[in-house]
Amino acid sequence: MTARRALRLANKDNVATSLEDIESGAVVLVRLGKDSEEITAREEIPFGFKIAVTDVPREAPVIKYGEPIGVASQDIKKGQMVHVHNIAGARGRGDLNERE
Amino acid sequence: MKESEMKFLGYPRPDGSAGIRNYVLVLPGGFFAAKICDTVAGTRTIVTADNGSGRTSADRETIGRTLIGLGSNPNVASVIVHSQSPGAGYPELKPSHLAEEIARSGKWVEFIDNVQEGGTFRALEKGIQTARKMVLEASRIRRQPFDLSRLALGVKCGHSDTTSGIAGNPVIGNLFDRLVEAGGTAFFGETTEIIGAEHILARRGINQEVAEKILQVAADTEKMAKLTGEDIRTINPVPSNIAGGISTLEEKSLGAIHKAGSSPIQGVLSYGERPPGKGLYFVDNWMNSASIFAGYAAAGAQLVIFQLGGGGLSGEDLLYTSSAVVSPLMWTTANPRTLAMAPTSLDFYSGRVIEGKETIEEAGEKLLQTVLEIASGTLTRVETLRYINPTQLYLREPCF
């Protein structure tokens, strides 16, 4: 099977975006500019969704575009999908308002 | 593209601007305007429930500014202003005031006082005959070549998915860089969708004041969002964003700002506010299609762009048909699946960047070519349909 493709956008990023549907167990070629590395998908990652390229511990920032896009709401393993089930936004969190 | 090729065929206007369309506009909306438009070819009006009645002065000012801006848009050859509107008694919306302000553009403006004409139906005869004269006169104007510097574009990114941030928006950004480089004007906005990326935009303000204003509008919007007591992720990113792979507002914002290219930001404008000069402007507006495009048109944009992700949409092939009242709406996408879903609704495809077959630069040049064609008269897909969605003006204050 040829490697599936994913794209990292900045050096600091700990997630990559899949450029095609990725099956669980597939080898994923993660490109960053001219560099690339191979990782193994631990689960299915649909086209356009994110795959962790390093382990991300709970409460650690998730980085894409070289900037924080939120924090891990649980431990995330390299190769897992990263989405609303395991990251939380840090901005506009009216639900976290302190009760007066 | 050579500078000599970066021209479009537009309609010359008395103030030196160039229309890419040639409409007669009837303002404000309502029965009177609608019946004139039903009868007379080449006319336009705004369809909205925002008539100003029971609104604060700030909101009435926004409505007035939008109507005046639409009338002053280069795509409008001439304007009929009438008095039949529930908000007409307020100073900001007084029909004679709207007519006078629009007339500053030097174009032909007629004011019809419906009461003085003996009521709506008697006034309608005058309105129809005036509009007929106006479209006839407008049809005598010939398109002539104009430099790209005469063009103003507005952009919204919507139903964004992860192709938007990687390719769709960067290609729009490349177009904006080319436009600004050529001396044109570009508008982007959607204040909620810079939250998490505002620090990056602020660095691009032409001075400290602009930088602070960018941070301020983002902070104000986040503060209002928090007052709802809700996690903004349950509101925006919208469900189709999440279904398309976007996980948080910050991720959406960091992708969204790519549509602004890399030019310096000249200033922060309010909804419908005309810019004091050329270049790239941030508009403090709301992302909703029903609202944002009319605001850009009122600011002077002759063409507006909807950059669509669409990965989270469920197979709808007819995309939103809102025009910006007087400015055509064109659709772009970088998502190959979106193109397959809605091929007859899309005007431009930048997904060859995703497929690895084209660079952002190459796609940007092709997009500029498409924009110049549309500016010269080629219809957008939206323009082939008669239906125009109602406009919801961006009114920020409580109503009474």
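The structure is a predicted model, in which local features need pLDDT of at least 70, side-chain atom pairs count only at pLDDT 80 or more, and totals for chains, interfaces and linings use all residues. Residues are numbered from 1 along each chain as its sequence is written, chains are lettered from A and ligands numbered from 1 in the order in which they are written, and side-chain values use heavy atoms, with hydrogens and water left out.

On this basis, the accessible surface of chain A comes to about 5200 Å², and 47% of that surface belongs to carbon and sulfur atoms. Of the 100 residues in chain A, 50% are buried, where buried denotes under 20% relative accessible area, exposed over 50%, and partly exposed the range in between (1.4 Å probe, protein chains only). The C-alpha trace of chain A spans about 60 × 25 × 20 Å along its principal axes. Chain A contains nine strands and zero helices, with helices (H or I, at least four residues) and strands (E, at least two) taken as DSSP runs numbered from the N terminus. Where contacts (heavy atoms within 4.5 Å) join residues of chain A at least 6 apart in sequence, 44% of them link residues at least 24 apart.

Within this chain, A:P57 is situated in the loop between β5 (50-52) and β6 (61-64), and its relative accessible area of 46% places it in the partly exposed class. When residues up to four places away in sequence are not counted, A:P57 touches A:A72, A:Q74 and A:D75. By contrast, 23 Å separates the C-alpha atoms of A:P57 and A:D95, which are 38 residues apart along the chain.

In chain B, helix α9 (residues 249-256) is largely enclosed by the rest of the structure, because eight of its eight residues are buried. Among these buried residues of α9(B) are B:L249, B:E250, B:K252 and B:A256.

The lining of the largest pocket comprises 28 residues, of which B:C37, B:T43, B:R44, B:R386 and B:I388 lie nearest its centre. The elements giving two or more residues to this lining are α1 (31-39) and β4 (43-45) of chain B.

Key
Accessible areas come from the Shrake-Rupley method with a 1.4 Å probe; for residues, only the protein chains shown count as cover. On a 1 Å grid over the protein atoms alone, a cavity is a set of points where a 1.4 Å probe fits but cannot get out, and a pocket is an open set with protein on both sides within 12 Å along at least five of seven lines; lining residues have an atom within 4 Å of a point.
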